[in-house]
Amino acid sequence: MDSSGFAHLYLVRPDGTGLHRINAARLNDKNPSWSPDGRRLVFTRGGADDADPEHLYLARADGSGLTQLTKTASHHLEADWLP
């Protein structure tokens, strides 16, 4: 979470350098899961607080190509990749 009060997703190298925020939404992004090849990320995006509905999203590792996967709003969503 940053000073805006929203949870964001970041990339960082194993040595701690190269910090890069991969999303710019003023929403909460959480519960990320990397694809087995490391090229895509699925995560939960919710609103400004826990009462707002959540959806699952897919994006490339750099945050581009954002696609909403779910159509019906829900709560407490998490996704993972099959082997």
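Two strands pair if DSSP finds at least two bridges between them. Strands themselves are DSSP runs of E, at least two residues long, numbered from the N terminus. A word on the source: this is a predicted model, in which local features need pLDDT of at least 70, side-chain atom pairs count only at pLDDT 80 or more, and totals for chains, interfaces and linings use all residues. Residues are numbered from 1 along each chain as its sequence is written, and side-chain values use heavy atoms, with hydrogens and water left out.

Now the sheet. It is open and has 4 strands, in the order β3-β4-β5-β6, with antiparallel pairing. At the edges are β3 (28-34) and β6 (67-68), each pairing on one side only. Between β3 and β4 (residues 40-46) there are 5 bridges, in the antiparallel sense. Across that pairing, Lys30 stands opposite Thr44 in β4.

Next, the charges. A salt bridge here is a side-chain nitrogen of Lys or Arg within 4 Å of a carboxyl oxygen of Asp or Glu. By this rule there are 2.

One joins Arg45 and Asp29, with the closest N and O atoms 2.7 Å apart. Arg45 is in strand β4 and Asp29 in strand β3, 16 residues apart. Are these residues buried or exposed? Buried means under 20% relative accessible area, exposed over 50%, and partly exposed in between, using a 1.4 Å probe and protein chains only. Arg45 counts as buried at 10%, and Asp29 counts as buried at 2%.

The other salt bridge joins Lys30 and Glu54, and its closest N and O atoms are 2.7 Å apart. Lys30 lies in strand β3 and Glu54 in strand β5 (residues 54-60), so the pair ties together parts 24 residues apart in sequence. Lys30 is partly exposed at 27%, whereas Glu54 is buried at 6%.
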